[in-house]
Amino acid sequence: MSPIAAQRLRTRWLAVIALAAAQVMIVLDQNIVSIALPAIREDLAFSQANLVWTVNAYVIPFGGLLLLAGRLGDLVSRKQVFLAGLALFTLASVAAALADSQGFLLAARFVQGIGGAITAAGLLGMIVTIFPEPQHQVKAIGLYGFASAGGGAAGSVVGGVLTETLGWESVFYVNLPLGLIVAAMAWKLLPADRGIGLKAGADVIGAALVTSGLMLAVYTLIETERYGLTSARTLGMGALAIALLAGFFIRQAKAAAPLIPLRILFSRNVAGANLSQSLMVGAAFGFMFFTVLYLQQVLEFAPLAAGLAFLPAPIVIAVVSMALAPRLLTRFGARPMVLAGLSLMVVGFVLFAQMRADGNYLADVLPGMITAPLGFGLAMPALMTLGMADSRPEDAGVTSGLFNTAQQVGGAVGLAVISTAVSARTGTLLEGGAAQAEALTGGFRLGYGIAAGLAAAALVIAVAVIKTRKAADAVEPVPVAVG
């Protein structure tokens, strides 16, 4: 390789590292705040019922705007949209840190969710465009996969350290130096690009339908813990969200310039990858949430100790997704990787479902803490490859946004279903006279059983829908200039 070619390759890798760092920021923020919630409640006098909106105010715009933000990058400029989103996210983070009232904090979190969606929507699309060559692309996707999964797993650790040492404001302030560094790298390293123009997909009606439908769907799902999955309120709002989304798809079939070309949705690999990862992420959200509760409420770990107990997960995901998965993807293709990864996740959740009220970390947590992330680290890069398989250069942003949207909605659905079942089982055991630790553990065991079922359903969909395909054939190479 000539010195000029080697320099260009290094520049492209630095650009991907900048995008992966942005993904770490976004994913980290979704988890890091949870650890700080007790301190926020005490300082700003939140009620327990209102405290949850510190999370929800971020999740609703984030989940609702991913698809639209991804398409906006295709139409205008992925680089410009990404930088604008990153600036908004960083400024809103500072505003959240400065909040001295509940309303101010919730407003800042809402804006932060908008900025997060704009930042994250097109990341995967930019990565596969920067690296169209299969041998580099699988490694770049592995790095992005680690940023997504490892960032989430590390959130509990970082949140515990920052909250206990510097206060809850620090979980928001940390985004300022990170945002400035990522913005500087992205400004210099990301390729300059021009979108295909607003006229090529300026479907205002479609945008309104999909954004309102997704935001209503996310809102309905996160409120199921309060109102129940089968309440009239949940069913009514869920039906309205479905109607809005159905209207969007009908609109896309008729619009002269659709927001999402329907050929993307009709691709077997894209559809199979999105459905499988929705179920997989739903199971993983349950794993993240209830393992923390088991560690703190049953094994009586302090918040920082509970966070540190999660360290095996990001370590395993890092090793697998960045070192092992790219080689296996190149050699065997994406489909076998998905099947192997999902099978390991089922095993990991079954191991968790054996936990005991008088258990310990080494016997009841660590085996599943290694096995489930091992499966996730294998499956996620392969699903990302398949999720972008049939995208064209002009559609990479919206295809990336679709993948991220399926991930967020899948996580919300999975957590809502598992939380409802866990709460009901725990309540039944308490009413039957079980001790607190026994009742909680019984609920968690059921939750992990459901998580194993979700991962198994993802495996069935992958077997039935995803076609055998080598990683080298996943994305048609597109020449890109970077500098």
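Which helix gives the most to the lining of the second largest pocket? The answer is H20, with eight residues. Before selecting anything, note that this is a predicted model, in which local features need pLDDT of at least 70 and side-chain atom pairs count only at pLDDT 80 or more, while totals for chains, interfaces and linings use all residues. Residues are numbered from 1 along each chain as its sequence is written, and side-chain values use heavy atoms, with hydrogens and water left out.

**First stop: the pocket**

Select Leu-275, Ser-278, Leu-402, Ala-406 and Val-409, which lie nearest the centre of the second largest pocket among the 23 residues that line it. A pocket here is an open set of points on a 1 Å grid over the protein atoms alone, with protein on both sides within 12 Å along at least five of seven lines, and lining residues have an atom within 4 Å of a point. Its volume, the space filled by probe spheres set on the points, is about 570 Å³.

**Second stop: H14 and H20**

Keep H14 and H20 selected, and look along their axes (lines fitted to C-alpha atoms over the stretch in contact, with angles from 0 to 180 degrees between N-to-C directions). These axes come within 7 Å and cross at roughly 45 degrees, and the two helices are therefore oblique to each other. Angles under 35 degrees count as roughly parallel, over 145 as roughly antiparallel, 65 to 115 as roughly perpendicular and the rest as oblique.

Finally, select H3 (residues 53-75) and H5 (residues 102-120), which pack at an angle of about 30 degrees with their axes 7 Å apart. H3 and H5 are therefore roughly parallel to each other.

How values were computed:
Helices (H or I, at least four residues) and strands (E, at least two) are DSSP runs, numbered from the N terminus. On a 1 Å grid over the protein atoms alone, a cavity is a set of points where a 1.4 Å probe fits but cannot get out, and a pocket is an open set with protein on both sides within 12 Å along at least five of seven lines; lining residues have an atom within 4 Å of a point.
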